[in-house]
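Subject: Structure for your review

Dear colleague,

Please find the structure you will be working with below. My notes on it follow, arranged by topic.

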Amino acid sequence: MSNRSSITEFLLLPFADTRELQLLHFALFLDIYLAALLGNGLILTAVACDHRLHTPMYFFLLNLALLDLGCISTTVPKAMANSLRDTKAISYSGCAAQVFLFSFLISAEYFILTVMSYDRYVAICKPLHYGSLLGSRACAQMAAAAWGSGVLYALLLTANTFSLPLCRGNAVDQFFCEIPQILKISCSHSYLRSFWVLVIGACLASTCFVFILFSYVQIFGAVLRMPSEQGRHKAFSTCLPHLFVVSLFISTALFAYLKPPSISSPSLNLLMAVLYSVMPPTLNPLIYSMRNRELKWSIRKVISWMLLNSDKFPLFFQK
């Protein structure tokens, strides 16, 4: 019987067996990773340096960009390194760190998306109370609660997962250390020990989902009652990007974890993991900047400064 004392490393699922396809996978993931770094980095820089974007909505967007950067940096670089070096191994401690960081970042991102829906709800349904309900202190407290809740749940989930004895080898059928795949190689009699932790996570996720759904029902009702077409357009332009991001995040994660066992396969599991762990951090900057004129203008200013490099950066937005 194998357990945690005898396992020093795990074997991750490779994207390809031939050397040519491994190098192609490395190049593809490198392009995606650089695009995510660039997109989220531009949002971080624009929000931090443009004083006109120092509002609650952009403060939470800055937090989302930070979490996206952390999320994609937890999984993709290791997958690229394994493809480049033609190996599948990840150390036991590296796997535990990956599980903790990914659980923390993905949980905190979901909580931040929930807070962002509340921000949009107050801005559209209770505009006269926006300043009092979402002051700088309240925003900082909500962001801290989202990050702190993510840390606590990730600690609980990681400690519980790696306390289980492992009886079915050390091969993880995923390109990163994913909890469901680790549970599959744990002993059957100890599998249910993690059930209560997963129930807590399901309850938290369901509560956030209901809150987001309720917020947008109220938002759309308020927007449709607006007499001005320009006001409706402005409201939709600030809400739709967030709704798209939430939909992308939830739909890919739900399909990855709740798809019928009859259609499950290593290749499909690999594809679903890429969709929910890699694509949202890459696409979120594009989604948020498409319909947001202020953000697009600030990002263009950042890119112009990067290309021209003629003025000092802190003074750039004051022109």
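A residue is called buried here when its relative accessible area is under 20%, exposed when it is over 50%, and partly exposed in between. By that rule Asp-50 is buried, because its relative accessible area is 1%. Please bear in mind throughout that this is a predicted model.

Cysteines

Searching the whole structure gives one disulfide. Cys-95 and Cys-177 form it, with their sulfur atoms 2.1 Å apart. The link is left-handed, with -125° about the S-S bond. It connects distant parts of the chain: Cys-95 belongs to helix α3, whereas Cys-177 sits in the loop between α5 and α6, 82 residues apart. Both Cys-95 and Cys-177 are buried. In general terms, a disulfide is a covalent bond between the sulfur atoms of two cysteines.

The cut-off for a disulfide is 2.5 Å between the sulfur atoms. The search from Cys-239 leads back to Cys-125 as the closest, again at 8.5 Å.

Aromatic residues

The whole structure holds 14 aromatic pairs. In one of them, Tyr-92 and Phe-162 have their ring centres 5.5 Å apart and their planes at 75°, so the pair is edge-to-face. This pair also links distant parts of the chain, with Tyr-92 in helix α3 (residues 92-125) and Phe-162 in the loop between α5 (136-161) and α6 (179-184), 70 residues apart. Tyr-92 and Phe-162 are both buried.

Phe-175 and Phe-176 form another edge-to-face pair, 4.9 Å from centre to centre and with 75° between the planes. Phe-175 is buried, with a relative accessible area of 2%, and Phe-176 is buried, with a value of 0%. These two residues belong to one aromatic cluster together with Phe-15, Phe-29, Phe-102 and Tyr-276.

Helix α7 has 30 residues and reaches 43 Å from its first C-alpha to its last, close to the 44 Å expected at 1.5 Å a residue. Its buried residues include Val-197, Gly-201, Cys-208, Ile-212, Ser-215, Tyr-216 and Ile-219. An α-helix has 3.6 residues a turn, so residues three or four places apart point the same way.

Leu-156, Trp-196, Ile-200 and Leu-204 make a nonpolar surface patch of about 320 Å², and its largest share, three residues, comes from α7 (residues 195-224). Leu-204 lies in that helix and counts as partly exposed, at 35% relative accessibility.

Does the span of α10 agree or disagree with its number of residues? The 12 residues of this helix (residues 279-290) should span 16 Å at 1.5 Å a residue, and the end C-alpha atoms are 17 Å apart, which agrees. The buried residues in α10 include Pro-280, Pro-281, Thr-282, Asn-284 and Pro-285, as well as Ile-287, Tyr-288 and Ser-289.

A backbone detail

Asp-86 has a phi near 55°, which is a positive value in a residue other than glycine. Most residues other than glycine have a negative phi. Asp-86 lies in the loop between α2 (56-85) and β2 (89-91), and counts as partly exposed at 47% relative accessibility.

With kind regards

How values were computed. Residues numbered from 1 in each chain as written. Predicted model: local features only at pLDDT ≥ 70, side-chain atom pairs only at ≥ 80, totals over all residues. Heavy atoms only, no water. Helix = DSSP H or I, 4+ residues; strand = E, 2+ residues; numbered from the N terminus. Expected span 1.5 Å × (residues − 1). Buried < 20%, exposed > 50% of the residue type's maximum accessible area, 1.4 Å probe, protein only. Phe/Tyr/Trp six-rings, centres within 6.5 Å; stacked < 30°, edge-to-face > 60°. Patch = residues over 30% accessible without salt bridge, like charges linked within 9 Å, V, L, I, M, F, W, Y side chains within 5 Å. Areas by Shrake-Rupley, 256 points an atom, 1.4 Å probe, with all protein chains shown as cover. Salt bridge = Lys/Arg side-chain N within 4 Å of Asp/Glu carboxyl O.
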